[in-house]
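Biologist: Can you walk me through this chain? I'd like to start with how the strands pair.

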Amino acid sequence: MNKKTFLIFALVLLAIILAGCANQGESTDLSAANTKVQPITAEELRAQLDAGLDENTVIVDVREPFLYEENHIPGAILIPFAEFEKEYEKLDKNKKIILVCHMGPMGEASGQFLISKGYKQVYNLEGGMRAWEEG
């Protein structure tokens with residue numbers, strides 16, 4: 001296993017563990033609105049970008065800086081997953097937050113964390129940058 005593959009594997013595993021920890025002690029009542037991370041496809045996000053992303057939407061890339069520098073969605077800001085719990089407060093709770101990672105799990109975990117902190121409009125790019133690059 002090469003270094004990059006190992007790093008991605010380790011980060012995905014960490015995301016799964018953190019997602020489980022974020023839900024401990026929290027209400028499991030999912031009947032309330034906006035208690036789950038909403039999926040968004042690469043096609044839907046492209047359509048929004050083509051129409052002009054409104055000022056109430058923020059795209060957040062949670063990948064490592066070197067991956068962000070290689071390629072990222074236009075207009076996305078970088079908050080690496082490893083720093084997300086320290087940096088999330090930079091995000092406005094009143095805005096729609098679209099999370100992007102390499103394949104989806106770290107975005108999902110970051111989204112669950114945001115919801116646990118009271119964020120309401122949280123989306124995760126299905127398939128992450130891999131889906132974005134394939135589309």
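Modeller: This is a predicted model. Strand β1, residues 38-40, is joined to strand β5, residues 122-125, by three bridges. These two strands run parallel.

Biologist: Which residue in β5 is the bridge partner of I40?

Modeller: That's L125.

Biologist: And how many bridges join β4 to β5?

Modeller: Three. Strand β4 covers residues 96-100, and β4 and β5 run parallel.

Biologist: What stands opposite I97 there?

Modeller: V122 of β5 does.

Biologist: Through which helix does the chain cross from β4 to β5?

Modeller: Through helix α5, residues 105-116. The crossover is β-α-β, and its hand is right-handed.

Biologist: Let's zoom out. How many helices and strands are in the chain?

Modeller: Six helices and five strands.

Biologist: New topic. What share of the residues is buried?

Modeller: Of the 135 residues in the chain, 39% are buried. The cut-off for that is under 20% relative accessible area.

Biologist: What about the accessible surface of the chain?

Modeller: About 7700 Å². Carbon and sulfur atoms hold 52% of that surface.

Biologist: Last one, on contacts. Take those with a separation of 6 or more: what percentage comes from residues 24 or more positions apart?

Modeller: Such residues account for 71% of them.

Conventions
Residues are numbered from 1 along each chain as its sequence is written. This is a predicted model: local features need pLDDT of at least 70, side-chain atom pairs count only at pLDDT 80 or more; totals for chains, interfaces and linings use all residues. Side-chain values use heavy atoms; hydrogens and water are left out. Helices (H or I, at least four residues) and strands (E, at least two) are DSSP runs, numbered from the N terminus. Buried means under 20% relative accessible area, exposed over 50%, partly exposed in between (1.4 Å probe, protein chains only). Contact means heavy atoms within 4.5 Å. Accessible areas come from the Shrake-Rupley method with a 1.4 Å probe; for residues, only the protein chains shown count as cover. Two strands pair if DSSP finds at least two bridges between them. A crossover is right-handed if, with the strands pointing away from the viewer, the path from the first strand over the helix to the second runs clockwise.
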